[in-house]
Amino acid sequence: MGFDDFVRSRSTGLLRVAYLLTGDRHAAEDLLQEVLEQMYVRWRRIHGAPEAYARRALVNRATNRWRSRARRPETPLDAHHEQPGPDHGEDVAVRSAVLGALRELPAKQRAAVVLRYLDDLPVHEVAAALGCSEGTVKSNASRGLDRLRQVLGPSSIPEGVEL
Amino acid sequence: MTDTDIRDVLNRAAGDVSPAPDLLDRVRAGGHRRLIRRRAAIGGALALVAGAGLAPLARRSRGPEPADDRVRGDLAGDLELVRRVRKAYGPGTKVRWIGRTPGGPVAAVTGPSGMRDGYDLQSFIEVVDGELQTVESAELVPEGTVQPGAMIAGPDRDVLVVFTGGSDVMFSDKFRIDAEGRIQRTFEPLSEVDGAVVRRIPDPGRFVPFALRSGETPDKVWLANLNAVADDGSNAQNLMPERIDHLLPGREKAWANEPTGSEKDWWDVGAQQAYLDPYGYHSWTGPTQWRLSGATADGRRLVVQTLALDGRARAFWMAAGAGEKPRVNYLGRLEDGLSSDGTDSIGQTYPILHARLPQQLGVAVAALNCQLLYRVRDGAWLPVAGQAAVIPAAATHLEVRPRQGRAVRIALP
């Protein structure tokens with residue numbers, strides 16, 4: 001697969017991961033673009049397993065809270081909530097609840113949950129993306145899920161939203 | 001909620017995001033810019049013509065010189081190994097140097113980039129347990145040219161191989177931080193033997209202490225396998241840890257005319273070369289970098305700033321009137337009494353900055369995503385607006401409340 005084909009076919013999936021890792025659509029777009037630019041430069045070396053490389057790079061950058069455009073004004077997390085777009089009200093509520101819950105998770109737990117349950121990756125691939133053992137993935141995903149279940153329990157979800 | 005519910009919720013939350021239609025164009029343009037920055041950083045000669053993307057080359061006086069096709073190095077006569085190296089790197093590969101090292105044979109190669117006409121990729125191949133392994137990253141060079149490059153070879157990563165590409169290369173084995181918080185190095189020239197320098201170095205571990213520079217400009221020499229050495233691949237991108245510019249209350253009058261150009265750099269230690277290490281190879285990991293800008297009680301501008309390097313951070317402060325060039329004052333390293341570690345609810349530590357400033361200017365405090373409070377002796381706890389501040393010099397205690405986890409109380413030195 002060539003670089004262009006990779007971007008065309010996988011950018012939506014990677015953007016969804018980036019979105020849930022960052023909790024902010026613009027930050028996710030920036031993150032994905034940075035990673036893809038990095039991949040473009042290194043394509044010859046990584047074209048054998050580009051998606052794994054992309055996942056790892058996304059997670060590393062999101063987890064370490066690094067940015068190539070490193071200098072940014074301070075933005076309180078609470079002010080970073082995704083603003084409702086043209087979605088239906090129910091989806092907006094779900095999104096808000098999920099993003100809020102993910103934001104409360106430590107970065108490694110958040111990444112484990114997103115890769116395991118949004119991207120549906122097997123544990124060993126999540127471990128590869130996170131650069132940790134499979135046991136650590138299981139433990140992070142388990143803790144993350146427990147926390148999500150607490151936060152996303154029926155009482156915390158607005159009425160009319162079915163989870 | 002079942003696992004299936006979780007999957008459903010995550011999918012609904014992320015469901016309708018989609019990349020911008022011009023993402024591929026922007027990525028390609030950004031990729032080109034990265035290549036240009038790389039080349040510029042090592043003394044290359046690329047220029048960006050506005051609106052034209054990647055421009056034809058315009059050579060600088062010390063730009064890349066055309067390389068002949070002679071294979072250099074003491075293994076150049078090993079035609080079978082040279083053939084294997086060419087095969088391993090792909091069609092069109094040219095072996096520029098191949099030689100014995102204490103860590104096994106190493107070759108410097110170039111080959112067609114496969115991305116854009118007129119460019120080659122330059123990299124290294126080493127022999128590990130009889131197998132040829134290509135170093136994971138490569139440098140884009142104008143076709144038919146070579147640039148100085150280096151790699152750390154051997155199973156113990158204790159052999160430095162520098163392919164000089166015909167340039168003079170200077171080496172510094174380590175750096176030190178002087179009493180002013182500046183990075184100090186001493187460079188010595190490397191003497192090449194038939195195109196390269198091979199020397200033993202201490203195993204760098206995660207952090208690489210040495211530096212290499214070449215040319216008159218001079219330029220940093222590209223280190224091909226910094227990623228592998230620096231453990232976490234993202235460290236080696238030489239991206240800075242997150243930097244937060246925090247504006248303190250009451251600064252408006254002192255900073256009414258925000259400095260621009262070089263005057264702006266006066267107030268930013270991170271923009272001053274003496275405090276960086278431009279020819280070194282660092283894992284720019286470490287605690288959040290803070291830059292707090294405010295005003296002193298007598299109306300001068302005040303900046304307190306931390307700089308991270310190889311997992312550690314230094315703290316500085318500056319104060320001066322508008323239009324005056326401030327002196328950079330070094331407070332020390334954070335681990336030397338200027339910070340403490342808190343622990344959140346899942347056992348992860350986070351750094352808490354608490355640097356007392358001289359001249360009764362106050363105490364700079366910061367902790368990411370935490371609520372801060374301070375008190376004077378046994379007085380009431382007073383909340384701080386935001387996650388960073390310069391609190392009064394009279395403050396004796398700081399309380400830090402993470403969003404989750406137990407609060408930490410610190411007696412301020």
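Author: Gln359(B) sits in the loop between strand 22 (349-357) and strand 23 (362-366) of chain B. Strands here are DSSP runs of E, at least two residues long, and helices are runs of H or I of at least four, both numbered from the N terminus. This is a predicted model, in which local features need pLDDT of at least 70 and side-chain atom pairs count only at pLDDT 80 or more, while totals for chains, interfaces and linings use all residues. Residues are numbered from 1 along each chain as its sequence is written, and chains are lettered from A and ligands numbered from 1 in the order in which they are written.

Reader: Why does Leu248(B) count as buried?

Author: Leu248(B) has 20 C-beta neighbours inside 10 Å, so it counts as buried. Leu248(B) is in the loop between strand 16 (243-247) and helix 5 (261-266) of chain B.

Reader: How do you know which residues Leu248(B) touches?

Author: Two residues are in contact if their C-beta atoms, placed from the backbone, lie within 7 Å. Not counting residues up to four places away in sequence, Leu248(B) touches Leu292(B), Ser293(B), Gly294(B), Ala389(B) and Val390(B). Leu292(B) is 44 residues from Leu248(B) in sequence, yet their C-alpha atoms are 6.6 Å apart.

Reader: What makes a nonpolar core?

Author: Such a core is a set of buried Ala, Val, Leu, Ile, Met, Phe, Trp, Tyr and Cys residues joined through C-beta atoms within 7 Å. The largest one has 85 residues, and Ala107(B), Val161(B), Val162(B), Leu353(B) and Val365(B) touch the most other members. This core lies between domain 1 (79-237) and domain 2 (243-411) of chain B, because both give residues to it; the domain bounds come from an automatic or database assignment. Leaving aside neighbours within four places in sequence, Ala107(B) is in contact with Val85(B), Val95(B), Trp97(B), Ile98(B), Phe124(B) and Ile125(B). A second, separate core of 54 residues includes Leu36(A), Tyr40(A), Val126(A) and Leu148(A).

Reader: Why are helix 1 of chain A and helix 1 of chain B called roughly perpendicular?

Author: Angles of 65 to 115 degrees count as roughly perpendicular, under 35 as roughly parallel, over 145 as roughly antiparallel, and the rest as oblique. Axes are lines fitted to C-alpha atoms over the stretch in contact, and angles run from 0 to 180 degrees between N-to-C directions. Helix 1 (residues 3-22) of chain A and helix 1 (residues 3-14) of chain B pack at about 100°, with their axes 9 Å apart. The two helices are therefore roughly perpendicular. Arg16(A), Tyr19(A) and Leu20(A) meet Leu10(B), Ala13(B) and Ala14(B) there.

Reader: How do the residues of the contact of helix 1 of chain A with helix 1 of chain B divide?

Author: They divide into five nonpolar, no polar and one charged. Ala, Val, Leu, Ile, Met, Phe, Trp, Tyr, Cys and Pro count as nonpolar, Asp, Glu, Lys and Arg as charged, and the others, Gly among them, as polar.

Reader: What makes helix 5 and helix 7 of chain A roughly perpendicular?

Author: Helix 5 (residues 107-118) and helix 7 (residues 134-151) of chain A pack at about 90°, with axes 8 Å apart. They are therefore roughly perpendicular too. Among the residues making this contact are Ala112(A) and Val113(A) of helix 5 and Ala141(A) and Leu148(A) of helix 7.

Definitions and conventions
A residue is buried if 20 or more other C-beta atoms lie within 10 Å of its own, exposed if 12 or fewer, and partly exposed in between; C-beta atoms are placed from the backbone.
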